[in-house]
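Let's read through this structure together, one feature at a time. Ask whatever comes to mind.

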Amino acid sequence: MHLSRFNRVSLGHLPTPLQPLSRLSGALGGATLWIKRDDCTGLAGGGNKTRKLEFLMGDALAQKADVIITQGAVQSNHVRQTAAAATLHNLPCYGLLEDRIGSTEDNANENGNVLLDKLFNATLIRFPAATDMNAEMEKLATQLRASGKYKNPYIIPGGGSNPIGALGYVNAAMELVQQANDAQLKIDCIVHATGSAGTQAGLVAGLCGLNAHIPLLGVSVRAEKTAQEKNVLQLAQKTATLLQLNNSIEAAHVVANSDYVGEGYGIPAKDTLEAISLLATTEGILLDPVYSAKGMAGLIDMTRKQKFAKGDNIVFIHTGGAQALPGYMHYF
Ligand SMILES: *Cc1c(COP(=O)(O)O)cnc(C)c1O
């Protein structure tokens with residue numbers, strides 16, 4: 001897979017480290033756990049959207065975009081990283097924020113990622129829960145063109161999850177397999193949090209393209225298992241088409257689990273908060289209450305229940321998000 005065929009800008013500190021979670025593994029007493037530090041991609045505090053934005057911004061610049069429009073939840077890590085990537089390339093950025101959880105806490109609405117969006121000079125527009133955010137982005141693009149303010153708005157979908165964005169996680173799959181081969185580490189399973197599906201879809205396409213034969217499990221932060229698997233499969237297949245892969249991607253390659261969502265998107269469950277404190281105290285690593293800690297809660301539970309064999313090497317991809325923690329301080 002030759003990713004240099006695609007437009008790309010450099011945004012991340014890559015490769016991100018692959019590290020052992022020795023103290024956590026010791027505390028849980030089962031499989032041997034590792035962590036791929038995509039919380040350390042560097043841009044704006046880091047996170048998984050940085051890898052996707054390398055290809056999305058590359059495409060936006062190739063198309064001579066003069067303004068970026070994207071959307072997410074109020075505490076969106078994607079909007080934060082997009083605002084930073086846009087300002088780095090002298091492009092204004094509109095961030096449309098959907099109030100999915102309806103919190104009345106000032107910190108939830110103004111601190112964390114929202115504060116950072118403002119520092120990166122994004123124009124924020126808020127919408128109530130269940131707004132058709134894709135329609136709102138199109139509407140805004142039409143308005144900006146009609147007003148003569150901008151000629152060529154570039155819309156980045158929520159989470160940067162389309163085939164172009166997913167190339168960032170094809171790249172991550174290549175990077176991780178290379179690191180494992182260099183370290184003679186046999187990976188038995190990869191686990192990560194899955195939301196808008198681009199991360200998992202890119203990994204699935206990348207691992208298939210490499211014939212890596214490494215099982216992958218997405219721990220859902222929102223959708224129910226069947227719906228999530230369908231979203232990921234569709235996007236993985238479109239990504240494979242963009243890459244012109246010979247290997248076909250089948251439903252069997254896409255596995256998600258929705259056992260750790262709790263009450264819903266953006267609402268940390270008891271085991272989410274436990275995962276945050278366990279990783280902080282054993283490893284000095286910060287997780288976030290919306291994504292990575294739900295993924296880690298799944299990994300912790302499955303490890304405790306010996307769902308992986310003792311001695312298996314399990315890699316957790318840390319997708320970032322700790323910048324949302326101040327927005328959740330009322331939980332701690
Ligand atoms: C967006 C996000 C995810 C989910 O990635 P998707 O590609 O949307 O599935 C996971 N973790 C963090 C911290 C995120 O911001």
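Q: Let's start with alanine 130: buried or exposed?
A: Alanine 130 counts as exposed because its relative accessibility is 72%. The labels work like this: buried means under 20% relative accessible area, exposed over 50%, and partly exposed in between (1.4 Å probe, protein chains only). Keep in mind that this is a predicted model, where local features need pLDDT of at least 70, side-chain atom pairs count only at pLDDT 80 or more, and totals for chains, interfaces and linings use all residues. Residues are numbered from 1 along each chain as its sequence is written, and side-chain values use heavy atoms, with hydrogens and water left out.

Q: Where does alanine 130 lie, and what is its phi?
A: You'll find alanine 130 in the loop between β5 and α6 (133-146). Helices (H or I, at least four residues) and strands (E, at least two) are DSSP runs, numbered from the N terminus. Its phi is near 70°, which is positive even though alanine 130 is a residue other than glycine.

Q: And what about asparagine 121: where is its place?
A: Asparagine 121 sits in the loop between α5 (113-119) and β5 (123-128). Its phi is positive too, about 70°, and asparagine 121 is not a glycine. With 61% relative accessibility, asparagine 121 counts as exposed.

Q: Which peptide bond is cis?
A: Look at the one from leucine 14 to proline 15, with omega near -5°. Proline 15 belongs to the segment before β1 (18-20).

Q: Now the ligand. How many residues surround it?
A: Here, near means that one of a residue's heavy atoms lies within 4 Å of the molecule. By that rule 17 residues surround the ligand, and the closest are Lys49, Lys52, Gly195, Ser196 and Thr319. At least two shell residues come from each of α2 (49-62), β7 (189-194) and α8 (198-209).

Q: How do I read the polar contacts?
A: A polar contact is a pair of N or O atoms within 3.5 Å; within protein, one must be able to donate a hydrogen and the other to accept it, and residues adjacent in sequence count only if both atoms are side-chain atoms. For glycine 195, a backbone N or O atom lies 2.6 Å from an oxygen atom of the ligand. Threonine 199 uses a polar side-chain atom, 2.7 Å from a ligand oxygen. As for glycine 198, a polar backbone atom is 3.4 Å from an oxygen atom of the ligand.

Q: What about threonine 282: buried or exposed?
A: Threonine 282 is buried, because its relative accessibility is 13%. It lies in helix α10 (residues 270-283), and a polar atom of its side chain is 2.7 Å from the backbone oxygen of leucine 278. Threonine 282 and leucine 21 are 261 residues apart along the chain, yet their C-alpha atoms are separated by 8.7 Å.

Q: Last one: where does glycine 159 lie?
A: Glycine 159 is in the loop between β6 (153-156) and α7 (163-182). A relative accessible area of 11% makes glycine 159 buried.
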